[in-house]
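Dear colleague,

Please find below the structure I wished to pass on to you. My findings follow after it.

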Amino acid sequence: MTDSTTTADLDVRLEKHRVELTGYCYRMLGSSFEAEDAVQDTMVRAWRSYDKFEGRSSLRSWLYRIATNVCLDMLTAGNKRARPMDLTDSTPLAQAALSPRPDHTWLEPMPDARVLPTVEDPAEAAVAKESVRLAFMAALQQLPPKQRAVLILREVLAWKASEVAELLGTTVASVNSALQRARATLAERDGHGAEATVSDPLDEEQKKLLDRYMAAFEGYDMAALTALLHEDAIMTMPPFDLWLTGHDDITGFMTTLGASCANSHLVPVQANGLPGFAHYKPDEEKGGYTPWAVQILEISDGRITGFHCFLDTQRWFPLFDLPLHLEAEAD
């Protein structure tokens with residue numbers, strides 16, 4: 001076998017693990033782009049040191065060890081990515097002001113296809129989706145980095161305690177202790193809004209709810225939208241730290257500060273294990289539509305409980321393979 005053949009074979013073997021490693025690094029880091037950078041660094045390190053890999057563990061375990069070390073190095077700065085409601089109190093509509101914070105503040109959205117590998121077991125697929133939902137991701141960010149790694153490896157990826165101990169270079173007792181502390185921290189965490197209960201795949205009622213939401217939003221019909229929102233629904237808009245609670249304040253915002261979003265166009269997307277939309281608003285200069293936000297919706301008991309709009313479209317739309325302009329549809 002030639003060197004070029006060996007190299008090509010190794011590249012193929014490494015690439016088979018890219019999606020699951022990206023999911024792992026995303027859960028660790030809370031950032032879409034940092035996760036992809038971490039995986040690329042992992043692949044480069046693996047490629048460069050493959051001749052030292054003696055096969056004492058599986059290639060997959062070895063890659064996870066490298067990825068964990070990369071993530072732990074990246075987390076030494078101590079930055080914890082967050083949602084707006086993790087940082088400030090809810091703001092009444094009358095006091096609403098759009099104050100941006102730096103990009104590194106925020107928990108970032110991620111397309112499902114980049115972090116959720118195809119699996120045959122429906123239960124395994126459901127756990128994977130639940131573990132990238134925004135509420136769970138925000139809770140993970142509250143854990144110290146090594147506890148975070150232990151919780152993800154044990155509870156999301158279903159590794160044995162002995163396997164995690166070997167990966168982290170520690171003892172089974174230490175792993176079990178870290179897992180116990182991580183579980184306690186998550187149990188104490190007081191979430192905002194009802195827990196998302198989204199079927200996989202979406203059931204008929206949820207599909208109808210999303211169709212009604214899409215029609216209400218594109219028609220900017222606030223009465224119809226109010227009927228779809230839970231009375232304690234939450235709206236967030238990173239990079240702004242403002243967040244609103246309650247359908248009255250949400251629709252009130254949309255008809256005042258957000259009035260330019262009337263006559264928008266929505267394109268369905270799948271992000272963070274939840275339904276969402278790419279939001280394009282009318283382009284007053286070129287005609288057609290210009291990107292405005294990636295929306296991620298949380299649903300519970302037949303209502304929308306979370307309405308999260310990520311506004312940095314120059315970053316998010318390419319990540320989701322979405323065009324940066326839409327032509328108006330012909331009548």
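I begin with one residue in this predicted model. Beyond its neighbours within four places in sequence, tyrosine 24 is in contact with Tyr64, Ala67, Thr68, Ala149, Ile152, Leu153 and Leu157. Tyr24 also belongs to the largest nonpolar core, which comprises 65 residues; together with Cys25 and Met28, Tyr24 touches the most other members. Helix α4 (residues 59-74) supplies the largest share of this core, namely nine residues. Another core lies apart from it and holds 30 residues, including Ala96, Leu244, Ile304 and Phe307.

Turning to the chain as a whole, the secondary structure consists of 14 helices and six strands. The C-alpha trace spans about 65 × 50 × 40 Å along its principal axes. The radius of gyration is 21 Å, which agrees with a compact globule, because a globule of 331 residues would have a value near 20 Å. Of those 331 residues, 48% count as buried. Contacts between residues at least 6 apart in sequence were also examined: 66% of them join residues at least 24 apart.

The chain carries 31 positive and 49 negative side chains. The centres of these two sets lie 8 Å apart.

With kind regards

How values were computed:
Residues are numbered from 1 along each chain as its sequence is written. This is a predicted model: local features need pLDDT of at least 70, side-chain atom pairs count only at pLDDT 80 or more; totals for chains, interfaces and linings use all residues. Side-chain values use heavy atoms; hydrogens and water are left out. Helices (H or I, at least four residues) and strands (E, at least two) are DSSP runs, numbered from the N terminus. The radius of gyration is taken over C-alpha atoms; the globule rule is 2.2 Å times the number of residues to the power 0.38. Buried means under 20% relative accessible area, exposed over 50%, partly exposed in between (1.4 Å probe, protein chains only). Contact means heavy atoms within 4.5 Å. Lys and Arg count as positive and Asp and Glu as negative; His and the chain ends are not counted. The place of a charge is taken as NZ of Lys, CZ of Arg, CG of Asp or CD of Glu. A nonpolar core is a set of buried Ala, Val, Leu, Ile, Met, Phe, Trp, Tyr and Cys residues joined through side-chain atoms within 4.5 Å.
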